[in-house]
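Hello,

Here is the structure I said I would pass on. My notes on it follow below.

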Amino acid sequence: MEEHQVIVVGGGPAGSSCAIFLGKNGIKTLLVDKAAFPRDKTCGDGITGKSAGILEELGIEKEITKGQHMKLNGLITSSPSGAVIDSNPFGEPLPEPFYVCKRQIFDNILFEEAKKNADVMENFTVTGLVMENGKVAGVKGLDKSGAEKEFRADVVVGADGANSVVARKLGLNNFETDRSLVSVRAYYENVSDTADHLEFHFLEELLPGYFWIFPAGNNVSNVGLAVIAGDVPKRKLNLKTSLEDIVNNSRFAPRFKNATQVSEIRGWNLPTGAQKRRRAGDGFVLVGDAASLIDPFTGEGIGNALLSGKLAAETISNAAGKKDFSYAALKGYEAKIQECMGKEFEANYNFQKFGRNPLMFNALVEELSVDARYMKMATSAFYDTTHKAANFRIPLSLYIKVFVRYLKSYVRTKLRPKR
Ligand SMILES: Cc1cc2nc3c(=O)[nH]c(=O)nc-3n(C[C@H](O)[C@H](O)[C@H](O)COP(=O)(O)OP(=O)(O)OC[C@H]3O[C@@H](n4cnc5c(N)ncnc54)[C@H](O)[C@@H]3O)c2cc1C
């Protein structure tokens, strides 16, 4: 095989995006994945504004909307008290593409685009890194026949997801259970009363996690739940049982009365941006879940995966111009991630903290429902295509208003004299 300047490990949204942008910059790239595409990925399949911005830039937005997908027009959020907000803070129809698309379809379109811009190798499982003078100099792994192979390059991009081998081999695979999420999902046919909205139900037993119903088109819904990883042992949760219990409880059972579960319940880890992780070093860069870039509140990771792939490609292309692939040359990527996502991670981690107390979370949802400005800000991660609006700090005024509401409901519900 020819020499490559960059090896990208993993052809999900982060790796494919990185390989496409590198190829467009004229960088000779090899993209490897242990799977053969099209392959499934356990996910909610919600593709929001953040992704749409990059897909449009890549010119493949239309490819995705040609196949099975569900165009969305807003969000439904319910609080533990049962209050429901049906929101589209921008008015109808939404100004930007916003949809549910099965990852088997979505990732394959990206991977096909990557093939036009890079050499690709499927069924190749990376098992380790080639190190030279303390610097990452390539990867080794097993091909489909089980034969061991080694490939060398100036830079290795770890885009191999939540359990990244690249991050593990570098000792950068921290998973802080109080800052990370775990999640399960299954597909159902015939869930009733689904609209063209993503549904997030913040049920008390999952807080600050939630139960979701995302309509995926053709009368199929992606149904799942996400919780803080550390809450699983603390609350003795079995997530598969929790999901089954919720679809059978009195609130949701009527909607699942005629529904059929058409896939098994599958789960995976979600390393979030609420935990710090080094994302570059001598001869390597981490992107997407391998870089721990999932939104700590919503669990949305596809948009940040695509964006991180683009930012990594920019930095690597600059480094190639100078023929310098040291950490000094690549750490600009870490600064870009911080600039584009840092405030959002902080704000959404704070939203997650609101959710640790049901009364506080009810107060937050009530406040968002009466003030469109706050609602727009809190949901901007879903709607924004520019990656700028989502990068906000929670204003002090919102903290104060939520706290006042919380105090009132605390007095009403906890301190009311017992008769
Ligand atoms: C249940 C669940 C629901 C979610 N719902 C949503 C949602 O609705 N919207 C959203 O935006 N995000 C959601 N997320 C998060 C989202 O799935 C991830 O953030 C996103 O997939 C990250 O993309 P990635 O390219 O970094 O990694 P991945 O999509 O995981 O891709 C990694 C790739 O690396 C390959 N790979 C792994 N190991 C190796 C190896 N050793 N050698 C070679 N290749 C390897 C894999 O085969 C895979 O193709 C959800 C996550 C879960 C678990």
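The shell around the ligand takes at least three residues from each of two domains, domain 1 (6–69 + 99–174 + 273–342) and domain 2 (181–270). The domain bounds come from an automatic or database domain assignment, which also gives domain 3 (343–414). This is a predicted model, in which local features need pLDDT of at least 70 and side-chain atom pairs count only at pLDDT 80 or more, while totals for chains, interfaces and linings use all residues. Residues are numbered from 1 along each chain as its sequence is written.

The ligand

The ligand is surrounded by 38 residues, and the closest are Gly-10, Gly-12, Gly-44, Gly-288 and Gly-301. A residue is near a molecule or strand if its C-beta atom, placed from the backbone, lies within 6 Å of it. Sorted by class, the shell has 15 nonpolar, 15 polar and eight charged residues. Here Ala, Val, Leu, Ile, Met, Phe, Trp, Tyr, Cys and Pro count as nonpolar, Asp, Glu, Lys and Arg as charged, and the others, Gly among them, as polar. Elements that each supply at least two residues of the shell include helix H1 (13–24), strand S9 (125–132) and helix H9 (302–322). Helices (H or I, at least four residues) and strands (E, at least two) are DSSP runs, numbered from the N terminus.

Helix packing

How do H1 and helix H4 (residues 103–117) pack? Their axes are 8 Å apart, at an angle of about 25 degrees. Axes are lines fitted to C-alpha atoms, for helices over the stretch in contact, and angles run from 0 to 180 degrees between N-to-C directions. Two residues are in contact if their C-beta atoms, placed from the backbone, lie within 7 Å.

Helix H2 (residues 49–58) packs with H9: the axes come within 7 Å and cross at roughly 40 degrees. On the H2 side, Lys-50, Ser-51 and Ile-54 meet residues of H9, among them Ile-302, Leu-306 and Lys-310. This contact divides into four nonpolar, three polar and two charged residues.

Domains 2 and 3

The C-alpha centres of domain 2 and domain 3 lie 23 Å apart. Their contact takes four residues from domain 2 and five residues from domain 3.

Regards
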